[in-house]
Amino acid sequence: MIFTRLDILKFLIPALLLFCLVRWRKKKDYFAHPLISYLQTKIRPASRLVYLPRFFELVALGFLIVAVLNPVLPSADHYVAKRGLDVILLLDLSSSMQEPIDLKGALERQRMGIRTKEKTRLEAVKDEMVNFVRRRHGDRMGVVVFSENGYVVAPMTFDTPYLNQYLRLVDNKTLASEGQTAIGEGIFTSLDLAAKQARDGGSSKGKVMVVLTDGENNTGRDVYQAINKAREEGYRIHFIGVEVDRARDAPRLIAAVQSTGGKYYDVRDAEQLEQAYVDINRLEKGTFLVKTQGKQVPYFYPFVAIALGALGLSVALRAIPYFVEVS
């Protein structure tokens, strides 16, 4: 702790000396009566406790002087309550994400001779992720992509423009050398990211993963071990699958996701994809604590509080006849 207004002492010290001089020169109050001389032998000396109000007044004055010198802490940690969650978005970049989002509709339009640019699954997912990020005010969010391995695209941040910028940079060339689907690797990578960016003193609640994939896990570490690990660390996993329910182990995957407290969504087109993100946005609300460090933090409040408390005690004691000084 340092004092930023020590220059005030050159005014305070002379003022205090003058005050003490005036108090010393001032005539003391006294009580005179003819019977005092007869009672002198029967009157006991006053207890030192009678000076207790004066002691509290001096304590109050001392702490007020300290407060006036403007004490500050060079740096101090404090916690700020924020409404939001830790959200990690996991995006499948396997080769099948280049297929149209509405594959059945695309084939039907092709059969009918209707030529139109079909939006790929990746394009549709990116658009909805950007919209989802914009809706999440106060969340700390990150982006992880995966194919045969998991990669951090954007660490968890409150900067949504930064996050959306990196989301838009993701395309089919990002993991062009890979083609299979390792959902487990994506989840484990997300857990590693979360461990590195764990909040000090933060809430143990409000940790969410949103996994989007269009294929079943066919390489990398076991997806069920990854989901169990995420559940143990307090994560809810929402799983958005593009026609994944056709996979042979879909029922087991759905059960594993639901065991974390999350939901499973089976989407077939852009409209269902949008609705899935809207539903997740509606479900996931929370509050967490963020530890921040301030510089030159004012610290006069405790001294003022103690001074007011001491002054209050002095006033209260002087209301009691026992503590009235009589000379």
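How many helices and how many strands does the secondary structure of the chain come to? I looked this up before anything else. I found 11 helices and nine strands. I note here that the model is predicted.

**Entry: confidence**

I checked the pLDDT next. The mean for the chain is 78, and 75% of the residues reach 70 or more. Confidence is highest in helix α8, residues 223-232, with a mean of 92. The lowest value belongs to helix α2, residues 36-39, with a mean of 61. I also marked residues 200-204, where the pLDDT is below 50. Beyond near neighbours in sequence, that stretch has eight contacts in the model.

**Entry: the whole chain**

The chain has 327 residues, and I found that 37% of them count as buried.

**Entry: helices α5 and α6**

I wanted to describe how these helices pack. Two packed helices are described by the angle between their axes and the distance between the axes. For α5 (residues 121-135) and α6, the angle is about 175 degrees and the axes are 10 Å apart. The pair counts as roughly antiparallel because the angle is over 145 degrees. On the α5 side, I listed Lys 126, Met 129, Val 130, Val 133 and Arg 134. On the α6 side, the contact is made by Thr 160, Leu 163, Asn 164, Leu 167 and Arg 168. Sorted by type, the residues of this contact are five nonpolar, two polar and three charged.

**Entry: Asn 164**

Is Asn 164 buried or exposed? I had placed Asn 164 in helix α6, residues 160-169. Its relative accessible area is 8%, so Asn 164 is buried, the cut-off being under 20%. Leaving aside neighbours within four places in sequence, Asn 164 touches Val 130, Val 133 and Arg 134.

**Entry: Val 145**

I moved on to strand β4, residues 140-146, which holds Val 145. Val 145 is buried, with a relative accessible area of 1%. Which residues is Val 145 in contact with, leaving aside its neighbours within four places in sequence? I listed Leu 91, Leu 93, Gly 150, Tyr 151, Val 153, Val 170 and Leu 175. I also looked up Leu 212, which lies 67 residues from Val 145 along the chain. The C-alpha atoms of Val 145 and Leu 212 are separated by 9.7 Å.

Notes
Residues are numbered from 1 along each chain as its sequence is written. This is a predicted model: local features need pLDDT of at least 70, side-chain atom pairs count only at pLDDT 80 or more; totals for chains, interfaces and linings use all residues. Side-chain values use heavy atoms; hydrogens and water are left out. pLDDT is the predictor's confidence in each residue, from 0 to 100. Helices (H or I, at least four residues) and strands (E, at least two) are DSSP runs, numbered from the N terminus. Contact means heavy atoms within 4.5 Å. Buried means under 20% relative accessible area, exposed over 50%, partly exposed in between (1.4 Å probe, protein chains only). Axes are lines fitted to C-alpha atoms, for helices over the stretch in contact, and angles run from 0 to 180 degrees between N-to-C directions. Angles under 35 degrees count as roughly parallel, over 145 as roughly antiparallel, 65 to 115 as roughly perpendicular and the rest as oblique. Ala, Val, Leu, Ile, Met, Phe, Trp, Tyr, Cys and Pro count as nonpolar, Asp, Glu, Lys and Arg as charged, and the others, Gly among them, as polar.
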